[in-house]
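Subject: Handing over a structure

Hello,

I am passing a structure on to you, and I hope you enjoy exploring it. Please open it first; my notes follow just below.

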Amino acid sequence: MDLTVHCDVTEKDLIHFNYYIAQIMKKIRGNLLTGAFLLIALLFSLFLIEYPPPFDSIVTLALLFFFGMSLMMLLFHLSISRKIAARIRAGEGKQLLGRYSLTLKADYLLEESKGRKSGLPYEEIQSIVTYRNLILIMQSPSTAYIVPENSFSTEAEKRKFLNFLRKRTGL
């Protein structure tokens, strides 16, 4: 029994996939956190030198620090979104956007898109991840088939697809 799903990957889906990749890459995550902490510490130190605190409370100091960290992470998030979207508009990743079909065959996953067919044996699938509104069928730490959840008309259809895929892959 084959099971087919028709996908339409959008720019937003590709941005979410890139966020997922950034989150799992320990080196990137570690560097980002270290850089953010250093920048906040530097700015906070400069602020304290210029304007000595009128407060004695460590709680107030901690709140200011966490406010600063939250602001930095928000700015980073917005910056990454703009950079990824600009790269997609410039042509990078365009081949990942648009319509394609995934068919779960007995021994492999078949992808069909504009005049192209390719198969992936189930043994080569490293993991199956549900992230935000996506199902990611991971081939490697940075490569995946992106299946938006809106590709399924019902939750039962999505569960059937995931169960079939997990049964075939053993994941």
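A residue is called buried when its relative accessible area is under 20%. Keep that cut-off in mind as you read, and please remember that the model is predicted.

Let me start with Thr 103, which sits in strand β2 (residues 98-104). Its relative accessibility is 6%, so Thr 103 counts as buried. The Thr 103 side chain has a polar contact with the side chain of Thr 4, at 3.0 Å. Leaving aside residues up to four places away in sequence, Thr 103 touches Asp 2, Leu 3 and Thr 4, together with Tyr 108, Leu 109, Leu 110 and Glu 112.

Next come the aromatic rings. How many aromatic pairs are there? The count comes to two.

One of them is formed by Tyr 20 and Tyr 131, a tilted pair with 5.2 Å from centre to centre and 55° between the planes. This pair links distant parts of the chain: Tyr 20 belongs to helix α1 (residues 11-24) and Tyr 131 to strand β5 (residues 127-131), 111 residues apart. Tyr 20 is buried because its relative accessible area is 13%, and Tyr 131 counts as buried at 11% relative accessibility.

Phe 152 and Phe 161 also form a tilted aromatic pair, with 5.3 Å centre to centre and 50° between the planes.

Happy exploring, and do write back with any questions!

Best wishes

Key
Residues are numbered from 1 along each chain as its sequence is written. This is a predicted model: local features need pLDDT of at least 70, side-chain atom pairs count only at pLDDT 80 or more; totals for chains, interfaces and linings use all residues. Side-chain values use heavy atoms; hydrogens and water are left out. Rings of Phe, Tyr and Trp (its six-membered ring) pair if their centres lie within 6.5 Å; planes under 30 degrees apart count as stacked, over 60 as edge-to-face and the rest as tilted. Helices (H or I, at least four residues) and strands (E, at least two) are DSSP runs, numbered from the N terminus. Buried means under 20% relative accessible area, exposed over 50%, partly exposed in between (1.4 Å probe, protein chains only). A polar contact is a pair of N or O atoms within 3.5 Å; within protein, one must be able to donate a hydrogen and the other to accept it, and residues adjacent in sequence count only if both atoms are side-chain atoms. Contact means heavy atoms within 4.5 Å.
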